[in-house]
Amino acid sequence: MRHDPFVKTYDEQFSVHYRAADAILAHPRFPEARRAYLKAMMNLYGEDPFLNKLLLEGARQVVFGGLICLLAAWDDADRSTWPTLANLKRLLRPFGQSSDRRIEQLVSRLVSVGFLARQVSSIDSRVRLLTPTANMLAHDEEWILAHYRPLALLYPEDNHGCALGRDRAFQLAQRRISFSFIPRSALVLLSNPPILLFARRDAGFLVLAQLAIDALNKQQTSFDALSRRFAISRTHVRQLLKDAQELGLISLAGKGGRGISLMEPMWSALDRFVAEGMSGHDLTGAAARHALAHTEEERPDKSEDVSI
């Protein structure tokens, strides 16, 4: 069944129209958008060894995103939305990427490097809240830009000005909406085993993105080059790619992994994942704009507490 790339789909959960993944995949300029998305991921992480070590562990990316969404949904009247370690563990269980103990370790790491702070709740002194620093919010802002620029390339007629204009009110609203979208995000990942293989490994998705970019540019790489690029061990790279080869996702030829090719199942899985990600951001962006336009009185601003 061929989908019309310019017809929107209505979402009953959020009561907005948005671009579905199948429509995005059918767009004649999707290859350009995919390239823009992959390059944005490289720019977001790839040149900064500190961020590589801090955020490229598969589980850590999920923890970071979950925290941002939890913080945006924070409502003093609803303890289930408080940004606590216990609520974060509950929120991330559908992703199945890390144990409770590992989540505790990752949060401690984010605190130690200045992305998170712990503070005592003003409502219940027994509770410790996790709050973001300016560094964490700035990184999240770049993440939003990286996901909405490819959408703007495909659909310049849509309203992505708030996302592209670094509008803080939009960032908060979009992340608040994303809190409700998390179960659907988890399903996108869990229903795509080839992507899950890479997402569960340290820097795995960026290794895949680099291989895709190299293939599009008709360039070759190697285990050593990927190891240096993402500050991970050569053994880690080799094992990841050998596992992918056993599943028929890539082809390895030449000494030292100098002939690495993505096979058609891998391209299909990557395209589906990129399109689903773009679609999810289009949906949550539309819902955020709808909320900003129709809510006369926002909940009390947490800017003094969480720097949003």
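Residues are numbered from 1 along each chain as its sequence is written, and side-chain values use heavy atoms, with hydrogens and water left out. Because the model is predicted, local features need pLDDT of at least 70 and side-chain atom pairs count only at pLDDT 80 or more, whereas totals for chains, interfaces and linings use all residues.

The protein chain contains 15 helices and 6 strands, taken as DSSP runs (H or I, at least four residues, for helices; E, at least two, for strands) and numbered from the N terminus. Of its 308 residues, 53% are buried, that is, under 20% relative accessible area with a 1.4 Å probe, protein chains only. Among contacts (heavy atoms within 4.5 Å) with a separation of 6 or more, 66% join residues 24 or more positions apart.

Apart from neighbours within four places in sequence, Phe205 contacts Tyr37, Met41, Ile195, Phe198, Leu270 and Phe273.

Strand 5 (residues 250-253) has Ile250 and Leu252 on a covered face, and Ser251 and Ala253 on an uncovered one. Strand 5 pairs with strand 6 (residues 259-262) in the antiparallel sense over 4 bridges, pairing being assigned where DSSP finds at least two bridges; Leu262 in strand 6 is the bridge partner of Ile250.

Methods: Buried < 20%, exposed > 50% of the residue type's maximum accessible area, 1.4 Å probe, protein only.
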